[in-house]
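Please open the model in a viewer and keep the selection tool at hand.

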Amino acid sequence: MAAITYFGVAWILAQVIALAGCTASSTIGLESERNEAKNIILLIGDGMGLTQVSTVYYYQDKPSNFSRFRHIGLHQNMPTSHKVTDSASGATAFSAGVKTYNGAIGVDQDTVPVSSILELVAAAGWSTGLVATSSVQHATPASFYAHTTSRAFYEEIARQFVYAPVNFVAGGGLQFFANRSDSINYVDSLIHMGFEVNVDELIYYSLNINKKYAYLLADDALPKRQNGRGDFLPVATKMAIHHLSQDKDGFFLMVEGSQIDWGGHANDAEYVIQETLDFDKTIGVALDFAEKNKNTLVIVTADHETGGLSLSASTVFGQGDYSKITPTFSTSNHSAALIPVFAYGPGAEYFMGIYQNNDIFYKMLEAIKMEAPKSANRK
Ligand code: MG
Ligand code: ZN
């Protein structure tokens, strides 16, 4: 009798456990369907068209981190003022969802300031970070925190940075804080606003969640990777993720491989290749984190292509030599080619297809289930 009772209890328990297990797994199923991004890492390769991406497949022996993406799309980047975009209107399209004029930093085509995704998520309690190999006041990073009618106003952009909701920044641009025409020392202001400022090196330890960090390691841009920049970009990205991911509310991080563009302007193939390889390595850092942290959306794209780069078959005595590639450029300026977008993580599927550069802003908001602000005007 007792044995039967025990058997019965065991059977009932087994059913309860099976049911609980079933309930638990279906709950998990529902949650993964509704899974929304809590963190966004947006990596922008300035001037990185599909040919620049292709160099990673020909000029390094290890596999490319671009191959780790399954959700891929294309964007068109035409600004309101011209046919071909610059980096300011290109970045403002991503940061604030508006098509605007070349030179605009965080303002629409009527020069009205527009809220950036960095500002929006910061208002929702997220931590934010910016990493660039240019100065941090340069057009691409500036478009995420500043609002100026011209990208050339570096000192004003630096002043606005002091009051921006940024928790981690690494790049160049010290002179625009420290050596200004108005003689104001904005490094002191940064410290006053809670930043620990370092002008010598990245220090990868004891990042305190309650502090903000500014690594301003050059007066203007950082050196080329070929000239001793080393692993600044992947290491700073790792540090930024390490610091910002302490925030349970979420984080937004923008990382720019700024100098792919400059290699293109210089028609210097080796410069482009080295900067793109550095960027590829940095993508690996972001994806390694996102693979572990399931709530992170990683997006990789460019503002535009620079140089009209082509990986041409070599020409020897007027004959095509298909055994060799000679990188050739068609311009020292930007081109109008559609630009690839690579996405990983919750919401990655939104980035498939062909769309406009400013749609990327709305797709990011969709992925984190945040409403677009009134200032954004999707067209
Ligand atoms: Mg840039
Ligand atoms: Zn450029």
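The stops below cover the metal sites, the salt bridges, some backbone features and a surface patch.

**Before starting**

This is a predicted model, in which local features need pLDDT of at least 70 and side-chain atom pairs count only at pLDDT 80 or more, while totals for chains, interfaces and linings use all residues. Residues are numbered from 1 along each chain as its sequence is written, chains are lettered from A and ligands numbered from 1 in the order in which they are written, and side-chain values use heavy atoms, with hydrogens and water left out.

**Stop 1: the magnesium ion**

Select ligand 1, the magnesium ion, which is coordinated by Asp46 (OD), Thr140 (OG1) and Glu256 (OE) at 2.0 to 2.2 Å. Donors are N, O and S atoms within 2.8 Å of the metal (3.2 Å for Na, K and Ca); water is not among the atoms, so sites may look incomplete. Thr140 lies in helix H5 and Glu256 in strand E7 (residues 251–257), so this pair ties together parts that are 116 residues apart in sequence. Helices (H or I, at least four residues) and strands (E, at least two) are DSSP runs, numbered from the N terminus. Thr140 is buried, with a relative accessible area of 1%, and Glu256 also counts as buried, at 1%. Here, buried means under 20% relative accessible area, exposed over 50%, and partly exposed in between (1.4 Å probe, protein chains only).

**Stop 2: the zinc ion**

Next, select ligand 2, the zinc ion. Its protein donors are Asp261 (OD), Asp261 (OD), His265 (NE2) and His334 (NE2), lying 2.1 to 2.3 Å from it.

**Stop 3: salt bridges**

How many salt bridges are there? The count comes to 12, a salt bridge being a side-chain nitrogen of Lys or Arg within 4 Å of a carboxyl oxygen of Asp or Glu. Select Asp86 and Arg151, whose closest N and O atoms are 3.0 Å apart. Asp86 lies in the loop between strand E2 (71–76) and H3, and Arg151 in the loop between H5 and helix H6 (154–162), so the pair ties together parts that are 65 residues apart in sequence.

Then select Arg229 and Glu275, which meet in a salt bridge (2.8 Å, N to O). Both Arg229 and Glu275 are buried. They belong to a network of salt bridges that also links Arg225, Asp231, Asp278 and Lys281.

**Stop 4: two backbone features**

Most residues other than glycine have a negative phi. Select Thr111, where phi is positive, near 65°, in the loop between helix H3 (87–96) and helix H4 (117–123). Phe317 has a positive phi of about 50°; it is found in the loop between strand E10 (310–316) and strand E11 (319–328) and counts as exposed, at 83% relative accessibility.
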